[in-house]
Amino acid sequence: MLFIIIANSFLTLTAQTHISGDIKNTKGLPLDGANIYIKDSYDGATSDVEGKFNFETSTTGTQILVVQYLGYNSVEKSIDLSKNNNNLSFILMEDTSSLEPVVLIAGSFDASDEKKAVVFKPMDIATTASASGDIYGALSTLPGSQTVGEEGRLFVRGGEAYEAKTHIDGLQVDVPYLYRLQDIPTRGRFSPLLFSGTMFSTGGYSAEYGQALSSVLLLTTNGIPSEDKINISLYSLGLGLSQTKVLKKSAYILSLDYSNFKPYFNVIPQITAWKKPPESFYSTLAFVTETKNDGLNKTLISYNRDESKILYPYYGYDQPNTLISLLNNNVFIKNSHKQYITDRTKIHTGISFNYDKTLIELDTIAIDDKLISSQLKTALTTRFSNKIELSYGGDLFYKNYKETITIISDESDFIFKDFQGALFAEAQFSPSPKLAFRLGVRGEYSNTLNSSKIMPRISLAYKINKYSQFSSAYGIFNQNPEFQYLKFTDKLDPETANHFILNYQYKNKNRVFRVEGYYKKYDNLVTYITENINSEDNYQNNGFGYAKGIDIFYRDSETIKNGNFWFSYSFLDTEKLYKDFVNSATPSFFSKHNFSFVYKQWISKINSHIGMTYTFASGRPYFDPNKPNELFLSDKTKNYNNLSINYAYDMSNIAKFPVTFYASVNNVLGSKNIFGYKNAFNTNSNSYDLIPIQPQADRFYLIALFITLNK
Amino acid sequence: MKKIIIIFVAILSSLILNAQNRYEKEMQSALTSLYESKKLQDYKKIANKFEQIARIKKEKWLPQYYVAYSYTVMSRLDEEDTESRDLALDKAQEYLEKAKNLSSNTQETIILQAYIFQSRFFIDPNTRLSSFEKTSKAILDAVELYPNNPRANLIHGIQIFHKPAFLGGGAKKAKPYFDIAKKLYDNDSQTENSLYPYWGKNTNDYYSEQCN
């Protein structure tokens, strides 16, 4: 019995040895909260704010002391407990494997809502003041893209609107914008709220994407929502209704929207004489299902009908205005599926169908444009290790475009049909967290144009330190000419652009600074002479050009609490000889200097969100036909200025149910902007009149109420 | 001879007993400190302690679980640094995975998982909208599976409390969940002396007060 007591007390009352010291990092700063312990024992301590620690241990002999701190490499030290172990000093090195790996970012703005490395977020689109809820409007505040007020489309780095393609879940959307008549700005068909991820590339993009000379916008639709709800929006231009229903392993979101500009145009005068202001009906059904092996199947069905009529002046003639009416019907259907087929291989397949029909009528002329197109896509990604990843796959496209022009009863058809096939393969290597590169190639074949193209794509990124990295990209990009040419001839080749990009990015917490320089070389651009518009030989691939510039971006969501802002500046130098140009010149869309400042602030005290956007663009070139050919496009408009503000107020507390009030004003200061000049021959003066192209009204106002009902 | 054998066995068993007691004792004292912890520094200390126990008792799920829990709380207390908050949650997730693999008790791990998702989301709600769906789903699943667990109700309450009113959140909507949780905490047969998860009572009291 006695023995047991002695044994027990012996075990618990062993001699205690004292250990103490301090812990710093390589910069000499004390590490607070580090864990210091004797390996395989319960004895240990945590360092204090000064990096100091001390503790007692009952272990004896030679032991291993471990020092551990989150984000740093652990240190182990053998210590002899029979000796003095006070005032030990440890210096810990930052763990580079916990370093965020370098990302290939040359040319791209990623807004996928992932944990880290985000520059631009989906929510930003909905809350950018000048955008009025339009995806393309928000993107035009980023460097590299610019505001072209009378268009509303994306113009990227000296590239025309048609050079930028939109993809939804990897599938191309052929007609992403609403149809508008000349000089009246359009907007995107799709609501930003449909998407959880946005990747905007201004060049050098992956071999997975083709048929875009300048830019791709990759939108990812939402996953399965968490709960049922009904959203109602009432705004000055119409109303919207959406229902979200969550089923067992799937969900659907049905939205219906109706808008009519008539009441608004009655209150706010517009420069265009509208006979019927735009009236649109818009509906989408999104259906998402979770399948086995982490699979996700997404279907999107959208239908859009849009109608308007305007009285268009016959410039230069003493004739009454002519009535132009426009009716557009658009259907986009897609299904995409993603899942793992083995532990290492993920498959992404998709099928889409586009139908777009526009009917334009003026006087005795009717133009009927019809596009039916479809895409099949398969892409696989195999991850061999952390260091090597391979993507490969292909696309099949079918395009069927038909234009019927009826003059009185004389009907003529212009048809273009094409099958296109594409294959791509791309390997990404990340030998270390500091270095990554991607080598890819894309091959495209077009049946009707009888053309095959091989396009290499290369991208590289190197991390200099925790916060900064260099990236660069090179690639060849091809795009088939627009239907407006192909409908007359199929003896054209794809247009070509080569991109060279060099990028530097500094990112620390929520501050991002980036500078990107680029050079883009255009070849095989379509040229024609306006006089022989119908003749097949008129269209040639004789055009060429270049665009070079520097884009600067700074975003800060750290400095101001609950607020964030970004600046972007683009310098652009571009000249092209294409279309019906008589000389190589800067096309009328592009300004040399573009600047945007966007600021957003949430003020919790008054439950309000305020935002502002200021955009400046230097003058755009325009053509004065009264001047000799040497001065083609040498005149410039005055500078463009636009200050827009928005305000959202969460009035749920007053209303006793979830409701938000929203208001925005575009161009608050009413700056008299001129986008360019059209010309018309005046028979009286025997010279050309220049007619300014202006916004529809100085300011644009939007007022809305958003109501959410749960369950 | 017989006597010697008895003594020998007694010493041996007391050694084993001692080792077992040591684990319980260390856990007990760590848990006492855990429930007394208030500041970030306290939690760092206690996380280290649990981690040390977890390293020795690799086969026990509770120490792994408490490492995960302590780091989750740390990420909530650290108000300054987004990056270190994410890092803390990475660590919490790492230890929760260990706990999940060791324990057949899925209740507390499922609930802590929801808490970790929620913490991740709260770091920067504006930029993490897509993880909002995942978070809400994990929380709703946890409450549905374990309606009588106070922690599941607490987390659900917190989620609703911080949700903007126009999305159907706010103090008023959250209050019923804190009330349920309060009742469940009061009737909980677990005490602070047991090693089983017991956390959340003070947090629940804090939120209940905010709702009044």
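**Exercise 1. Into which domains is chain A divided, and how far apart do their C-alpha centres lie?**

Solution. Start with the bounds. Chain A is divided into domain 1, residues 15-98, and domain 2, residues 108-710. Now take the C-alpha centres of these two domains of chain A. They lie 57 Å apart. Keep in mind that this is a predicted model.

**Exercise 2. Describe chain A as a whole: its helices and strands, its span, its buried share and its contacts.**

Solution. Count the elements. Chain A has six helices and 40 strands. Next, the span. Along its principal axes, the C-alpha trace of chain A covers about 125 × 60 × 50 Å. Then burial. Chain A holds 711 residues, and 38% of them count as buried. A residue is buried if 20 or more other C-beta atoms lie within 10 Å of its own. Last, the contacts. Take those in chain A with a separation of 6 or more; 60% of them join residues 24 or more positions apart.

**Exercise 3. Find the order of the open sheet of four strands in chain A, and explain why S3 and S6 each have one side without a neighbour.**

Solution. Read across the sheet. The order is S3-S2-S5-S6 in chain A, and the pairing is antiparallel. Strand S3 (44-46) and strand S6 (75-80) of chain A stand at the edges; each has a single partner strand, so one side of each is left without a neighbour in the sheet. From one strand to the next, the twist averages 15 degrees.

Look at one pair. Strand S2 of chain A, residues 35-38, pairs with S3(A) in the antiparallel sense over three bridges. A:Tyr37 has A:Gly44 in S3(A) as its bridge partner.

**Exercise 4. Which helix of chain B lies across S2 and S3 of chain A, and at what angle does it run to S3(A)?**

Solution. Move to chain B. The helix is H2, residues 40-56 of chain B. Its direction is at about 155 degrees to S3(A).

**Exercise 5. Work out how H7 and H9 of chain B cross, and which residues meet.**

Solution. Locate the helices. H7 of chain B covers residues 150-162, and H9 of chain B covers residues 201-211. Their axes come within 10 Å and cross at roughly 35 degrees. The crossing of H7(B) with H9(B) is left-handed.

List the residues that meet:

- H7(B) brings B:Pro150, B:Leu154, B:Gly157, B:Ile158 and B:Phe161.
- H9(B) brings B:Thr203, B:Asn204 and B:Tyr207.

Sort them by class. The contact of H7(B) with H9(B) has five nonpolar, three polar and no charged residues.

Methods. Residues are numbered from 1 along each chain as its sequence is written. Chains are lettered from A and ligands numbered from 1 in the order in which they are written. This is a predicted model: local features need pLDDT of at least 70, side-chain atom pairs count only at pLDDT 80 or more; totals for chains, interfaces and linings use all residues. Two strands pair if DSSP finds at least two bridges between them. Helices (H or I, at least four residues) and strands (E, at least two) are DSSP runs, numbered from the N terminus. Axes are lines fitted to C-alpha atoms, for helices over the stretch in contact, and angles run from 0 to 180 degrees between N-to-C directions. Two residues are in contact if their C-beta atoms, placed from the backbone, lie within 7 Å. Domain bounds come from an automatic or database domain assignment. A crossing is left-handed if the near helix is turned anticlockwise from the far one by less than a right angle, and right-handed if clockwise. Ala, Val, Leu, Ile, Met, Phe, Trp, Tyr, Cys and Pro count as nonpolar, Asp, Glu, Lys and Arg as charged, and the others, Gly among them, as polar. A residue is buried if 20 or more other C-beta atoms lie within 10 Å of its own, exposed if 12 or fewer, and partly exposed in between; C-beta atoms are placed from the backbone.
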